[in-house]
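Please read them alongside the coordinates.

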Amino acid sequence: MLTELSHLFPITNPTWIFLVVLVIILFAPLVFNRIRIPHIVGMILAGLLVGEHGFNILARDSSFELFGKVGLYYIMFLASLEMDMEGLKKNKRQGIIFGLLTFIIPFSIGYFAGRTLLGFNMEASLLLSCIFASHTLVAYPIVGRYGLSRHDSVTIAIAGTMIALLLSLFVLAGISASAEGDISTRFWLLFGTKCLIYCLFVFLCYPRITRYFFKKYSDNVTQFTFVLVLLIFSAALSELAGLEGLFGAFLAGLVLNRYIPRVSPLMNRIEFVGNALFIPYFLISVGMLINIKSLFNHKEAIIVILVMVVTATLTKWLAAQASRPILKLSNDEGNLLFGLSNAHAAGALAMIMVGTQLKIGPSEYLINDDVLNGVVLMILISCIISSIVTDRSARKIAIAENTAPSNEHGKYEKIMIALNNPDSVEQLIDTAIMMQNPKSKKELIALQVCIDNAHADQQKKQGKLNLERAAKAAAAADVQLSTYNRVGVNVVGSILHSMKEFEASELLMGLHHKRKMSDSYLGTVASELLDRTNRQVIIVNYLMPVNVVHRIIVAVPEKAEHEAGFYQWIERISRMGEQLGCRIDFHAHTNTIKFIQPYIHTHHPSARTSYSVLDDWRDLLIVTQHLSYDHLFVLISARRGSLSWQPAFDNLPAQLMKHFSNNSLMIIYPEQFGQAHELSFVQPLPTNTTQLFDNTFYLKTKNSQETEQ
């Protein structure tokens, strides 16, 4: 029976190859997770079993080379795309130290092992040292699964990875030039010039192209394809410059990090496609290269393999242990550094393939088959060790952080989004997702209210379409969203009733578009809502996609720190700034800054902020000097009669229409004590001392009652 079926293998039909690969991607994690082996190792072992050196089920055709290479690029791209850029700036010194240690220690010991233990010549020993010094972030998806992609130790590991890889690639370029007899000063000048031109092109041109494209095209599929084009183009240019494509993939992610928020639908699509297809394809293709039979060929092969495996693992462990006390990391963080930096995969394969093509004599190549087999087996063992160590240390760190007391201000939050204009649905959902607590991830609520009149049926149809668009936008970002289509005789009453029913902590809505000259700037719905609720209300009007906002300018009135929702809106703006990776400029009174600055420093240390004094609210127009077309202007306002309200607010609608109509705008009315309709009856500017005392006593008494309740 087996003899009759043997002619069917290896499978060469592309359809059947793809089917078998999909079956492996589906079942390998399920099977290996049951025996507590990381699914990344499972993919590699599955590739070993179905490859030509295993049961010879699949032929390693061009699809494995194509998808495998894209999968490798994806790993490097995601690592830099999800990196905390502020954390990178904060830990750049630590990243450089770890990068140098994780390069120098393996490189030095590897060269010594190649020269003394294996008897290689200088060029072969240097190549072997480059393989030991470089590493691939194969275990990075494990870190992302535990929500630690922005942890300081992970950021240090990623920075160290690129430093070690870049230095290894420079040495590899010198080895190649030496083997070809071109190691002159001219070669290094040309090589350095090409690398410089390439880096300048990516850093200068990519941001401009991305901003223009994202402003012009908001479709998620089009944006995803555009990101893929930039990724592969950067990898291709990197190879033209004499570097490896994986460096170009990392550089592309580093530049696009600013324009793809971590919780956006676009990021969700990028991660989904990579983790579901490209990265598993790469891991399976690596497993298909492994030849276990080479261990039993001859004694010399076993010695080479043992020396390579022990040296590669030991040197990376020494580098991590040497870095731990210098960088003041815990044992688990040091183990995480070792786990992430121990895997040798893509870089090692690329370097060994270069070595097999370099001749040092008429018929002698720089690298023989024993070293090639040793590298492939080293990849298998290092990936297994890397995945296990990373999984265990990441789990311990995640458990420790989750059991630590939370530093988020306020325990309860549930954002309700009032929909009306079809053009602003996605922007409202994106804003709510960015403001949402990334740890709790409570569901969002999307509400569409239709007036019960002769046009109710038409409004219900349009409302259903709006809610469907909102649901798709939330699902694309993997966020829970409940949708409700209400019919009522009054829009404001329906919204207020829904806020009470679902216990919404705040309301997010779009800015009213004036249809009549008699319409107010905010519109009758927003104005009435502000009079009848004390909850936080956020009104937004974007003139461009949210993810291309370059800076957030926040204008804060005097005494804003006395409002009940003061820290609530700071929390939302800080989260938004962190997700967008942009700077937040606060313009506030000196006393107010004293409250804002320490809160952000304590609860959001990675947020980039600056502070300017705005003592007189009538000088609000000074802020226009700092505004640009790609800035978001956030205005912290107040309801009439509240503690931070002032007469200058009466002129705000006219000022906004005249001076800020060409800017993206967000108006926030913070949560306040008491009921809004009660506060509105308090005279804000009493004319005599008795009236001033009465009003002050009323507000203090009301605040005390609410606090006690």
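1. Two strands are taken to pair if DSSP finds at least two bridges between them. Helices (H or I, at least four residues) and strands (E, at least two) are DSSP runs, numbered from the N terminus. The model is predicted: local features need pLDDT of at least 70, side-chain atom pairs count only at pLDDT 80 or more, and totals for chains, interfaces and linings use all residues. Residues are numbered from 1 along each chain as its sequence is written, and side-chain values use heavy atoms, with hydrogens and water left out.

2. The protein has 26 helices and ten strands. Of its 709 residues, 53% count as buried (under 20% relative accessible area, with exposed over 50% and partly exposed in between; 1.4 Å probe, protein chains only). Among contacts (heavy atoms within 4.5 Å) with a separation of 6 or more, 81% come from residues 24 or more positions apart.

3. An open sheet of ten strands runs in the order β3-β2-β1-β4-β5-β10-β9-β6-β7-β8, and its pairing is mixed. Strands β3 (481-488) and β8 (609-613) are the edges, each pairing on one side only. From one strand to the next, the twist averages 20 degrees.

4. In strand β1 (residues 415-419), five of five residues are buried. Ile415, Ile417 and Leu419 lie on one side, with Met416 and Ala418 on the other, so that both faces are covered.

5. β1 pairs in the parallel sense with β4 (residues 506-510) over four bridges, and Ala418 stands opposite Met509 of β4. With β2 (residues 444-451), β1 also forms a parallel pairing over four bridges; here Leu419 faces Gln448.

6. Elsewhere, β6 (residues 551-555) and β9 (residues 631-636) pair in the parallel sense over five bridges. Ile552 has Leu632 of β9 as its bridge partner.

7. Helix α18 lies across β1, β2, β3, β4, β5 (536-541) and β10 (664-669), at about 170 degrees to β1. Axes are lines fitted to C-alpha atoms, for helices over the stretch in contact, and angles run from 0 to 180 degrees between N-to-C directions.

8. α18 (residues 425-435) packs against α22 (residues 566-580) at about 105 degrees, with the axes 7 Å apart. α18 is therefore roughly perpendicular to α22 (65 to 115 degrees; under 35 is roughly parallel, over 145 roughly antiparallel, the rest oblique). Thr431, Met434 and Met435 of α18 meet Arg572, Arg575, Met576, Gln579 and Leu580 of α22.
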